Amino acid sequence: MSEAVEGHYRVLRRPRVTEKALKLVDHGRAYSFEVAASANKIQVRKAVEAIFNVKVESVRTMNMLGKYRRLGRHWGRQPSWKKAVVKLRAGYAIEDFY
């Protein structure tokens, strides 16, 4: 694997396959990914276009705060992470998303 492709996989961590994410795929050609916390919209766009061979129309990013959880009487916090919602141009789709 070349360094350029390896860098794209550092930006895109994993797809977010949830009920809400699947509704976005069905209605609006939008795909949800967990991305590196330091990644910006341009890096996400280039990574999606290179890995999936599609054209991106827009990218929206958001920082998701970790939730507080309990284990017995002890409280802990899950780590925070960054999410990107990528909308593709008309005529393009990611086949093996789910």
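**View 1. The charged end of R16 sits over the ring of W81, 4.2 Å from the ring centre.** A charge is taken to sit over a ring when NZ of Lys or CZ of Arg is within 6 Å of the ring centre and within 35 degrees of the ring normal. This is a predicted model, in which local features need pLDDT of at least 70 and side-chain atom pairs count only at pLDDT 80 or more, whereas totals for chains, interfaces and linings use all residues. Residues are numbered from 1 along each chain as its sequence is written, and side-chain values use heavy atoms, with hydrogens and water left out.

**View 2. A84 lies in strand β6, which spans residues 81-88.** Strands are DSSP runs of E with at least two residues, helices are runs of H or I with at least four, and both are numbered from the N terminus. A84 counts as buried because its relative accessibility is 0%, the term meaning under 20% relative accessible area, with exposed over 50% and partly exposed in between (1.4 Å probe, protein chains only). Apart from neighbours within four places in sequence, A84 is in contact (heavy atoms within 4.5 Å) with Y31, S32, F33, V35, V44, R60 and T61. The C-alpha atoms of A84 and S32 are separated by 5.8 Å, although these residues are 52 apart along the chain.

**View 3. N53 is placed in the loop between α3 (41-52) and β3 (56-64).** With a relative accessibility of 67%, N53 counts as exposed. From C-alpha to C-alpha, N53 and R73 are 49 Å apart in space, while 20 residues apart in sequence.
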